[in-house]
Amino acid sequence: QSVAFSKWIGLGKNPRGTLKAGTGAGKTRFSVMAIMNWLHEREDGSAVFVVPSRTLGTQTKNALRALGLSCARYWSDFKEKMPNKDVYITTYTSLPSMLNAVPYLKNRDVLLVLDECHKAGGKQALKNVTSYKGDACLMLSATPHRSDGIDVPSLMEAPIFFDLPLIEGIKQSRTDDDALDYTFHVVFVDMTNDEQIQYEEYCESITKMWFMLQKQGKECGANTSNLFHRMNEGIQAQPFKKNLRIWKNLLLKRKRLINEMEIRYSIAQQIMELEYGNKYALFNQSIFAIERLNGMMKDMGIHPRIYHSGLQSIPNNVFEMYPELHNEGFIRRFNEAGSKSDAELKRWIRSASDILLTCKSLQEGFDCPSMDGLIMMNGTNTLTSRIQTIGRVFRGTKHKDIWMLVHNDDSSGENKALYELLHATKIENDKIRYHFNGINTSHITVPTDTEMIN
């Protein structure tokens, strides 16, 4: 922190920069140092602290107040008059309305702090932050560079001024009595024969449709270099638009097949039996899988906590993939679970040995030092998502176990994502255990960097 802070001060009177460091390295405490220095140097100084979610906003408020800063939270649905504070905490979506609702800030010198700043790359969030860049800007993230090519540090004129890998940063933040103690379990999983046949059929159809789209796209002037991220709405040729939807739907169906392989459920069950009595969080990309796991665990006599948003956050095109959504009882149960999520999360945080089943919303910024470990039952292949998820467990002083299930097939991209994760975080070789289609296999020698690349 002291080295990073000296670099921050060296950026000048109105500094702009990005601190790249993993969870547990002290980014929040560093931001407090920067805010206090900003307020000390200016009689009319203030700070705006922007976070991705309300959950993280509440967590940030508690952290800032504990370190001596007066602060207030603002969400877009607040109606109360805002008091004058040193720091205002808001979300990326609520930033414009907060600036309008707090006239006190209009004549202040504002340090804009963007936590988990890669989240500012979303369409609406990026518009909000680039419309208001503050008088100075500090951005914080373990993964400031996004996989879609949107360079938030450049757009905010805040280049990286300090870069610290995840494991190294956590170690530096601890003493010998508080040494980092963890095991990283990699469980390679294979498909059943029926799943493999279906997977290969999807791959073949996706490839054929890709070549057809390339041909049709060139004929109608579409941007075929980034079909997945852009629907090319300006293209009016109906055959192209129809085939583009079919292609994207095939990709989603293949993704569901990979994410919901039967063996993933079997291994998740094995781990829960092994870790019964400990405090764990299990991450799965699908709330449908979460509900299935909930039923499986209840059959085992385990009653997990559930945290997801119900069906409200599911894109319309995903509904086509799930025939379960034609059942009104199923829909009602999902939304009821979503409405109870905040209460369930609070109970899990206070518990000593509960299991939390969750999706994406707690992957970033969320802290629970008392947890014993986590399971990534599946996940996106983006480095950002992987680093952010494992970062949730590196709090507190007890031994931590991280379980990551990886599809043992190079075509899915999960092997590549694993090796990128190991390289970026500098997870230590002697802390890694490899398993194949189960959790009771013996320790396997870790591949060298060259073998990983090959």
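Arg42 is placed in the loop that runs between α2 (27-41) and β2 (45-51), where helices (H or I, at least four residues) and strands (E, at least two) are DSSP runs numbered from the N terminus. This is a predicted model, in which local features need pLDDT of at least 70 and side-chain atom pairs count only at pLDDT 80 or more, while totals for chains, interfaces and linings use all residues. Residues are numbered from 1 along each chain as its sequence is written, and side-chain values use heavy atoms, with hydrogens and water left out.

With a relative accessibility of 11%, Arg42 counts as buried; buried means under 20% relative accessible area, exposed over 50%, and partly exposed in between (1.4 Å probe, protein chains only). Leaving aside residues up to four places away in sequence, Arg42 touches Lys13, Asn14 and Asp109, contact meaning heavy atoms within 4.5 Å.

Side chains of opposite charge can pair when their charged atoms come close. A search of the whole structure finds ten salt bridges, each defined by a side-chain nitrogen of Lys or Arg within 4 Å of a carboxyl oxygen of Asp or Glu. The table gives some of them.

| Pair | N to O distance |
|---|---|
| Glu262 and Arg292 | 2.8 Å |
| Arg264 and Glu414 | 2.9 Å |
| Arg305 and Asp354 | 3.0 Å |

Arg264 in helix α10 and Glu414 in helix α16 are 150 residues apart, so this pair links distant parts of the chain, and both Arg264 and Glu414 are buried. By contrast, Glu262 is partly exposed at 39% relative accessibility, as is Arg292 with a relative accessible area of 35%. For the remaining pair, Arg305 is partly exposed at 23%, whereas Asp354 is buried at 17%; salt bridges with shared partners join Arg305, Glu344, Arg347 and Asp354 into one network.

Glu414 also belongs to a helix contact, in which Leu383, Arg386, Ile387 and Ile390 of α15 meet Glu414, Ala417, Glu420, Leu421, Ala424 and Thr425 of α16. The residues of this contact divide into six nonpolar, one polar and three charged. The axes of α15 (residues 383-390) and α16 (residues 414-425) come within 9 Å and cross at roughly 60°, and the two helices are therefore oblique to each other.

Definitions and conventions. Axes fitted to C-alpha atoms, helices over the stretch in contact; angles between N-to-C directions. Parallel < 35°, antiparallel > 145°, perpendicular 65-115°, else oblique. Nonpolar A, V, L, I, M, F, W, Y, C, P; charged D, E, K, R; others polar.
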